[in-house]
2 protein chains.
Amino acid sequence: MTMDHVASPSRCCLSLFLVFVAITLLVRSWCSSKNLIQAKSNLHKPLLIKQPQAVLDHSSKPQHPLDPLTIQEINQVRAIISSFPPFLYSFPSINSLSLDEPEKALVLNWTIGDPLPPRKAFVIAYLENQSHILSVDLASNKVTSREVKTNSGYPILSKEDMTIATEVPFSNPDFNRAVIDRGVALSDTVCVALAPGWYGGEEEGRRIAKVQCFSSEGTSNFYMRPIEGLTVTVDVDKKQVVRISNTGRGIPIPKATNTDYKYDSIHNPTSEKGLKNMRPINPISMVQPKGRSFSVEDGHVVKWANWEFHLRPDHRAGMVISRAKVLDIESGAMRSVMYKGMASELFVPYMDPSEGWYFKTYMDAGEYGMGLSAFSLVPLNDCPRNAYYMDGVFAAVDGTPFLRSNMICVFERYAGEIGWRHYDVNNKVRESRPKVTLVARMAASVGNYDYIIDWEFQMDGLIRINVGLTGMLMVKGTPHKNTNQVRPHENTSGTLVSENVIGVVHDHFVTFYLDMDVDGPVNSFVKVNLVKEETSPGESPRKSYLRTKRHVARSEREAQIKLKLYDPSEFHVVSPDKKSRVGNPSGYKVVPGATAASLLDVNDPPQVRSAFTNNQIWVTPYNRSEEWAGGILVYQGKGDDTLAVWSERDRAIEKRDIVVWYTLGFHHIPCQEDFPIMPTVSASFELKPVNFFERNPILRVPPYQESDMPTCTSQYK
Amino acid sequence: MTMDHVASPSRCCLSLFLVFVAITLLVRSWCSSKNLIQAKSNLHKPLLIKQPQAVLDHSSKPQHPLDPLTIQEINQVRAIISSFPPFLYSFPSINSLSLDEPEKALVLNWTIGDPLPPRKAFVIAYLENQSHILSVDLASNKVTSREVKTNSGYPILSKEDMTIATEVPFSNPDFNRAVIDRGVALSDTVCVALAPGWYGGEEEGRRIAKVQCFSSEGTSNFYMRPIEGLTVTVDVDKKQVVRISNTGRGIPIPKATNTDYKYDSIHNPTSEKGLKNMRPINPISMVQPKGRSFSVEDGHVVKWANWEFHLRPDHRAGMVISRAKVLDIESGAMRSVMYKGMASELFVPYMDPSEGWYFKTYMDAGEYGMGLSAFSLVPLNDCPRNAYYMDGVFAAVDGTPFLRSNMICVFERYAGEIGWRHYDVNNKVRESRPKVTLVARMAASVGNYDYIIDWEFQMDGLIRINVGLTGMLMVKGTPHKNTNQVRPHENTSGTLVSENVIGVVHDHFVTFYLDMDVDGPVNSFVKVNLVKEETSPGESPRKSYLRTKRHVARSEREAQIKLKLYDPSEFHVVSPDKKSRVGNPSGYKVVPGATAASLLDVNDPPQVRSAFTNNQIWVTPYNRSEEWAGGILVYQGKGDDTLAVWSERDRAIEKRDIVVWYTLGFHHIPCQEDFPIMPTVSASFELKPVNFFERNPILRVPPYQESDMPTCTSQYK
């Protein structure tokens with residue numbers, strides 16, 4: 001099973017159903033004996049490593065206003081919904097069920113020992129083509145609000161929806177014939193359910209999925225063996241085939257050779273004989289013989305060095321960091337940096353306008369759920385041995401809770417980096433300090449792709465958010481075996497990465513929601529522009545220099561930022577009230593790293609739906625209902641509820657509680673090195689203190705001495 | 001002493017002289033008893049850690065054509081120059097003395113066991129206002145070529161020059177009075193010799209230094225206590241004060257409070273009482289109980305995993321990587337990636353056009369020498385415990401060799417990162433691989449600033465070049481104690497980082513020389529542009545998509561690249577001959593990271609001298625004499641010999657031996673966190689295989705298992 005289900009009386013009725021595994025890009029779980037054998041053979045040694053146990057007791061009560069719903073609470077919500085009049089006779093599918101966060105003021109005023117603010121659940125229930133947004137109050141045992149959404153779009157596709165979508169085609173003789181005609185046995189056929197986007201055509205008024213299939217024969221990496229040009233449009237609610245497009249008859253299924261990546265299948269190298277010349281790597285490990293230096297109190301509050309934050313799994317965002325606070329070295333108090341930070345939405349457009357590809361413009365958080373797609377981390381490999389693991393507790397489509405074990409890991413990192421250093425010749429002062437950081441990580445496997453998201457906290461107050469991309473390319477079958485077969489003006493949409501396999505060009509955008517509360521909720525956004533000044537004749541031997549010009553953004557449009565190499569700025573979030581000793585406003589800046597911008601036409605339907613990528617930075621006034629950059633209902637949404645729509649209202653943002661949105665982008669032109677599985681590509685951005693501290697906060701970090709170092713022996717056999 | 005001098009008969013005559021330490025921004029070593037006490041107190045515990053010993057026997061003979069000159073060879077060169085007729089009666093100052101690399105063809109044809117190509121030295125000797133470029137042949141014991149440079153500029157300022165420059169003012173009563181008038185005792189006064197740049201004024205026809213001074217009273221961090229507005233122009237050759245500018249009479253010397261960073265001085269926190277609330281960090285270390293996995297053969301050839309390269313210290317570039325080759329996993333052969341890579345030049349313009357600041361536009365490699373400024377690394381803190389150290393052997397101004405111990409470190413890094421991963425729901429395949437890399441590091445302390453340069457090699461073929469900035473800000477004294485004293489339109493040139501201290505806005509540019517030899521010396525440079533295409537009406541529900549357009553640069557101007565977020569490209573260096581199995585050209589791409597562009601006027605003198613920063617990427621045909629982006633003679637150079645000048649010749653670069661130049665930039669708007677010493681800021685770029693390998697080269701890296709992990713005990717006292 002994909003998910004470890006938690007025993008609960010109500011789960012039995014669905015348990016058979018749940019045997020059919022599903023994810024974001026859902027794979028059809030064909031109950032053939034072959035697949036059972038496959039599954040068994042996958043239990044190879046690396047997976048048998050003892051999984052570290054998360055410390056959290058999931059039967060425990062919530063301890064913090066932002067703690068996720070517990071197993072008991074989810075069961076209670078399910079019971080409340082069951083007896084809610086509109087659902088008395090037909091239980092809806094539960095596409096989202098998560099903590100409805102208390103009002104911010106309640107959370108800010110809460111301290112340890114206080115009773116928790118009322119616990120509530122936010123639920124998106126889907127029934128008879130209608131999305132119901134519910135608020136469920138656990139204290140009063142009632143649904144306290146219900147809104148039947150009139151916006152476009154549907155909730156996150158459930159794995160049951162995906163199972164249905166990928167099963168439906170097999171009851172269609174035309175589809176079966178098409179598969180067999182391509183030389184693929186039905187028992188080897190694996191299909192995935194793809195979000196269709198919205199283009200004003202067949203998506204109108206019904207919930208559909210685009211189903212495409214692969215041959216799993218001879219490989220666990222079926223993604224490299226597409227049955228190209230066969231696309232089945234399925235009505236998910238009616239469980240019907242809407243249309244079959246079969247345009248790929250001349251395109252061979254790429255061979256299975258060299259596609260596998262399972263250690264069991266490949267650890268006896270065959271084709272790569274040169275590997276014998278690879279020098280072996282002696283084991284290397286980060287060790288902490290005295291143990292970890294951080295604690296995770298009450299299951300979710302992480303305390304390390306000068307940092308404290310609340311960390312929780314979320315079915316949609318994956319991982320939510322809340323109430324990040326850092327130590328004030330002057331007073332000893334913890335000072336607020338960020339109220340909430342998370343990946344809000346993704347946008348992954350593929351660059352092929354043809355029938356089987358144009359719609360591939362995924363919005364993974366709102367269409368599939370980054371947390372629902374984040375499975376147990378692989379110990380020792382996804383996270384180092386000194387990692388602590390945290391489980392996720394989510395709700396299944398029937399409202400029952402299930403456990404996603406070891407979904408997040410937290411670990412301290414020392415990578416040989418330098419916090420600060422100086423050698424001074426004059427007085428021979430030679431000082432250097434090691435840089436140790438704390439990382440919180442999750443990895444979402446959204447179908448073929450894997451997104452590794454790290455939040456890294458440094459003692460100097462910096463937070464680095466890093467996104468790593470790995471997993472499988474989404475590839476396109478082609479008759480070509482060599483680039484010399486490509487016609488002069490043929491648009492192949494990408495790179496021939498193996499015989500008959502094209503890695504299609506695509507982008508990745510990850511938009512982060514950053515509710516910065518720098519020294520409190522009331523902040524301003526300041527663009528500190530570096531502008532060239534010319535000197536007057538005779539003023540200086542220099543003709544030019546740069547000067548900073550500060551502009552405090554008054555309203556949203558002034559904070560719609562496109563980054564420019566030749567018109568650079570810093571982007572500060574400052575407290576209008578709190579000043580440093582010498583009078584600088586206390587602030588944090590958003591520091592972009594390497595990134596990419598979306599170049600699609602702003603009126604292209606995918607770009608309208610993902611208009612939150614029209615700028616790299618946006619700032620909005622805090623609004624409880626504006627957390628998901630692509631809107632609440634993203635699946636087949638038309639883009640009527642995005643960050644870009646909200647921002648156009650041009651609301652005041654000066655001296656307000658504001659939210660910064662940053663989009664990290666990647667252009668991906670595939671290459672052969674990405675076949676059959678991609679080495680991780682990473683990019684990051686930072687939140688960095690700027691006149692927040694009176695001085696370097698790591699000035700007094702002590703240096704390493706030999707006596708700090710452990711003595712280690714190997715335990716290799 | 002700054003440098004560990006190697007015993008040699010000829011060194012004694014200079015040894016007294018050499019007691020005066022100096023670096024790039026040279027500091028005056030005032031032989032007062034106070035300073036001796038200071039020096040003694042600096043021998044605090046962290047420095048007493050046993051320094052790891054470099055393995056290289058410096059008396060050994062060179063083993064590789066690119067090995068640096070040995071002690072014996074430097075002594076021989078000195079002897080040859082001594083008996084060279086033009087220098088018979090007056091030994092010149094030796095401002096550069098390093099290996100004159102054999103012709104590339106000779107190196108490429110050489111294999112282990114072959115006799116070495118003739119050993120030669122490249123020498124820049126300075127005598128009576130003339131720079132002599134010499135080639136010295138060690139086999140024939142002769143100077144084989146001499147060129148008296150007619151270009152503008154002077155060689156690297158020697159530390160003796162810097163000592164002279166900083167001593168001369170003290171013989172001037174006006175200077176002494178100016179210092180005393182500011183309330184600074186002469187015995188507390190520390191001066192630095194700053195390169196004046198070139199502005200067509202007082203620099204014309206003579207070698208000068210701009211000398212500025214600080215108060216060292218009460219702190220080892222005198223850089224935070226400028227005697228603002230006092231600038232002495234010194235004729236270095238005539239040992240004369242040219243001019244004293246004293247415009248800062250009203251500006252107080254900033255206080256010493258909170259400026260120190262020495263562990264001994266600050267490990268009893270006083271002002272930062274809040275630190276007691278910092279949670280202590282348990283020791284964390286990267287360990288390799290079975291030892292390192294790499295070898296350094298014959299002192300300079302590093303072999304690790306699938307990589308092999310030659311690594312050597314260089315007095316000007318700091319660190320030179322040569323002949324980087326990576327394993328072909330198909331054939332088992334080592335394939336060429338890069339013939340030579342190094343930091344070629346830096347440009348650090350400060351953004352203040354006033355009398356005491358306009359000239360601060362440093363070019364640290366050519367003015368001071370990155371290797372000459374790279375001192376012994378601090379064990380356990382600059383590099384992790386598993387590091388290997390390499391010494392530098394350089395020549396002093398009198399031509400005698402000296403040893404810079406532990407100048408470079410090499411270590412394997414495992415930071416909990418993921419090489420690749422995937423979880424597949426359908427068949428429950430869950431695979432992940434740890435990422436282990438190899439780092440070669442040096443740290444140059446160019447006066448106030450420290451540059452940490454890392455070359456990191458990944459098993460997937462990627463090379464990441466990272467530049468870290470730390471050390472001290474160059475600050476400006478001001479009467480202001482609070483920003484509320486700044487007048488509305490006053491240009492403060494930067495941020496008030498403490499009372500009376502402004503951190504002046506500046507940029508850093510580091511230009512790398514990258515002689516890529518991808519599968520051999522003959523390569524082409526291809527710009528792979530991502531362009532937006534619009535679909536025709538009715539062609540697709542999509543309106544737009546991206547498409548790659550390849551353009552092979554025919555000549556230099558076509559490869560002058562300014563990066564653009566909204567007109568993105570990849571930059572490939574490809575072999576025109578070698579194709580992959582499916583027909584893609586074998587290549588490596590230059591992958592820019594976060595960077596900054598110079599915004600100064602292209603006709604501003606500093607920008608003319610540093611015109612190599614006019615573009616982020618340039619490509620030139622290989623030319624032995626074009627290695628230093630700012631020219632060979634940079635000190636007071638006029639910019640008549642820069643990369644920009646060479647590139648304008650627009651030579652053919654298609655299917656040639658080509659060199660790629662990449663400039664990494666930083667804008668630095670200081671903040672209080674940078675006071676009194678800056679937390680490291682980093683940026684990087686990558687050289688990444690693109691269709692160089694037939695497939696993912698780390699596919700077969702095995703996962704970590706528990707049995708790979710060491711058992712460690714702490715040895716803390």
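How many disulfides are there over all chains? The count comes to 5, where a disulfide is a pair of cysteine sulfur atoms within 2.5 Å.

Before you start clicking, some ground rules. This is a predicted model, in which local features need pLDDT of at least 70 and side-chain atom pairs count only at pLDDT 80 or more, while totals for chains, interfaces and linings use all residues. Residues are numbered from 1 along each chain as its sequence is written, chains are lettered from A and ligands numbered from 1 in the order in which they are written, and side-chain values use heavy atoms, with hydrogens and water left out.

**Stop one: chain A**

Select C383(A) and C409(A). A disulfide joins them, with an S to S distance of 2.1 Å. Which parts of the chain does this pair tie together? C383(A) sits in the loop between α9 (364–367) and β17 (388–395), and C409(A) in strand β18 (residues 401–424), so the bond connects parts that are 26 residues apart in sequence. Helices (H or I, at least four residues) and strands (E, at least two) are DSSP runs here, numbered from the N terminus.

Now look along the S-S bond: its torsion is about -90°, so this disulfide is left-handed. Are the two cysteines buried or exposed? C383(A) is buried at a relative accessible area of 0%, and C409(A) is buried at 0% too. Buried means under 20% relative accessible area, exposed over 50%, and partly exposed in between (1.4 Å probe, protein chains only).

**Stop two: chain B**

Hop over to C383(B) and C409(B), which are joined by a disulfide with S to S 2.1 Å. C383(B) is in the loop between α9 (364–367) and β18 (388–395) of chain B, C409(B) is in strand β19 (residues 401–424), and the two are 26 residues apart. The torsion about this S-S bond is about -90°, so you are looking at a left-handed disulfide. C383(B) is buried at 0%, and C409(B) also counts as buried at 0%.

**Stop three: between the chains**

Next, pick C712(A) and C712(B), whose sulfur atoms are 2.2 Å apart in a disulfide. What does this pair join? C712(A) lies in strand β33 (residues 710–714) of chain A and C712(B) in strand β34 (residues 710–714) of chain B, so the bond joins two chains. With a torsion of about 110°, this disulfide is right-handed. C712(B) is buried, at 18% relative accessible area.

**Last stop**

Finish with C671(A), buried at 3%, and C671(B), which counts as buried at 3%.
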